[in-house]
Amino acid sequence: MIIYKNADIITMAGNEIIHNGVIAVNGNKIVKVCSNDDFNMAELDGENHVIVDLSGKTVMPGLINSHMHLTMWRSFGSITLSKDTATQAFMAARNALNCIRKGVTSVRDMGHKDDVHMQLKKASEEGVILAPRIKAAIEIIEMSYGHAYHFCTQVDNSDQLVKAIRQQINFGTDFIKIIASHDDLWHIESEQNTVPWFSQEDLNLAVKTAHDVGVKLSAHANGSECIRRVVNAGFDCIEHGIFMTEDTAKLMKEKQITLVPTLSGYKENSQSYWNRGENWTKRYGKLWDGHRKSIEYAVKCGVNIAAGTDTLGTMPEEITLLHNAGMTKFEALAAATINGAVLLDLDDKVGSLEAGKLADFIVLSRNPLEDLSALEDITYVVFNGSFYDIKALDNIVPRCSIYIQGW
């Protein structure tokens, strides 16, 4: 048994913060979380206990990235299928290691055209490779020639939509992702630069098909009309949600629909240094401008929010942007931990530090409730009970021109 002592512990179990606390771990499970004053070694089974002194450190649950793409995270250039499947697999494996380096112990991969992320998920579960806990959509579904159609499953009508959903459910997808808006009609200027790409009837049909067998649905949805349709259909989660109205945010709150805004992803997409082209940068700049207002509506109305980065953002940046949009620091940390765990149906295992849950936590040199930049200063990660020194992981990840520095 390993006893981690003398740290300040942000448990994310309610509002509890334990000063000078203890986490006792047996195998991959937490057996006790308490203050030093309430800790009695004699209560624990066995005799060969290892003590890890974390004096001056802050401990919190491992971060949960609720919207990301393991094959594409933080890489330069356009998002295309130009790289062969083997190269994409190597890139996904590297990003899986980068997740652990950055304190991300669970992820929600939003899908891709090939099977790389699903095979990585299987390899991780079988212990073949070090990777975060993965929940994933097999492939993204959309109506023909929509947003990012080159790596989505395209359907032409309602019957094909139902077939695609049933096929993914049969093959074991963790959830269904649908792209409900088209954001890439470069030649068509509009106030919001995005249009609906599914009818209300088809969105309703998608929800019924998946919910009939207990599978959740998530929608990439931008634009006020598209978001309204998705909310009315009863999707479980909205990704991005740019140009959301206050009335729609209120309805999301009422229907308990989660929002994963991916603020950092859109902010980074609006920056030219990612080499995605002038048109891309200009268009995403407009979307980023609209997003800053949308997230304020969501926060004001009390919409349940989970943190995700999409292809370019980082979790510290995402959490900071959520705080800037009106969430308290604690609420922003909850979006990246327990809220994500609930969305991924993992809250019985991770997301908070409690006896009986898996030993997933990060050790920080400073307290993020005082300064969110502390999330950039991770010393150790404990993932599924195993202890990782971040400096050691840093030393085995080589510099690579495909990625931004430090990735």
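Modeller: Happy to. Let's begin with charge: the protein chain has 39 positive and 51 negative charges, and their mean positions are 2 Å apart. Keep in mind that this is a predicted model.

Colleague: Good to know. How many helices and strands does the protein chain have?

Modeller: There are 12 helices and 19 strands in the protein chain.

Colleague: What share of the residues is buried?

Modeller: Buried residues account for 58% of the 407. As for the surface, the chain exposes about 16,600 Å², with carbon and sulfur atoms supplying 48% of that.

Colleague: Let's zoom in. Where does asparagine 65 lie, and is it buried or exposed?

Modeller: Asparagine 65 lies in strand β6, which covers residues 63-68. Its relative accessible area is 0%, so asparagine 65 is buried.

Colleague: Which residues is asparagine 65 in contact with?

Modeller: Leaving aside neighbours within four places in sequence, asparagine 65 is in contact with Trp73, Val104, Ser106, Val107, Arg108, Ala307, Gly308, Thr309 and Met315. Met315 is also one of the buried residues of helix α9.

Colleague: What covers them?

Modeller: The cover includes β6, β7 (104-109), α7 (263-269), α8 and α10 (329-335).

Colleague: You mentioned α8. How far apart are its end C-alpha atoms?

Modeller: They are 34 Å apart. Helix α8 has 23 residues (278-300), and at 1.5 Å a residue it should span 33 Å, which agrees. Glycine 302 follows α8, and its phi is positive, near 75°.

Colleague: Which residues have a positive phi without being a glycine?

Modeller: Asparagine 20 and asparagine 275 are among them. Asparagine 20 has a phi of about 55°, and for asparagine 275 the value is about 60°.

Colleague: Where are those two placed?

Modeller: Asparagine 20 is in strand β2 (residues 17-26), while asparagine 275 is found in the loop between α7 and α8. With a relative accessible area of 37%, asparagine 20 is partly exposed. Asparagine 275 has 54% relative accessibility and therefore counts as exposed, the cut-off being over 50%.

Colleague: Last one, aspartate 371. Where is its place?

Modeller: Aspartate 371 is in the loop between β17 (361-364) and β18 (378-383). Its relative accessibility is 36%, so aspartate 371 counts as partly exposed.

Colleague: Which residues is aspartate 371 in contact with?

Modeller: Setting aside neighbours within four places in sequence, aspartate 371 is in contact with Lys329 and Arg366. Aspartate 371 and lysine 329 are 42 residues apart in sequence, and their C-alpha atoms are 8.6 Å apart in space.

Key: Residues are numbered from 1 along each chain as its sequence is written. This is a predicted model: local features need pLDDT of at least 70, side-chain atom pairs count only at pLDDT 80 or more; totals for chains, interfaces and linings use all residues. Side-chain values use heavy atoms; hydrogens and water are left out. Helices (H or I, at least four residues) and strands (E, at least two) are DSSP runs, numbered from the N terminus. Buried means under 20% relative accessible area, exposed over 50%, partly exposed in between (1.4 Å probe, protein chains only). Accessible areas come from the Shrake-Rupley method with a 1.4 Å probe; for residues, only the protein chains shown count as cover. Lys and Arg count as positive and Asp and Glu as negative; His and the chain ends are not counted. The place of a charge is taken as NZ of Lys, CZ of Arg, CG of Asp or CD of Glu. Contact means heavy atoms within 4.5 Å. The expected span of a helix is 1.5 Å times one less than its number of residues.
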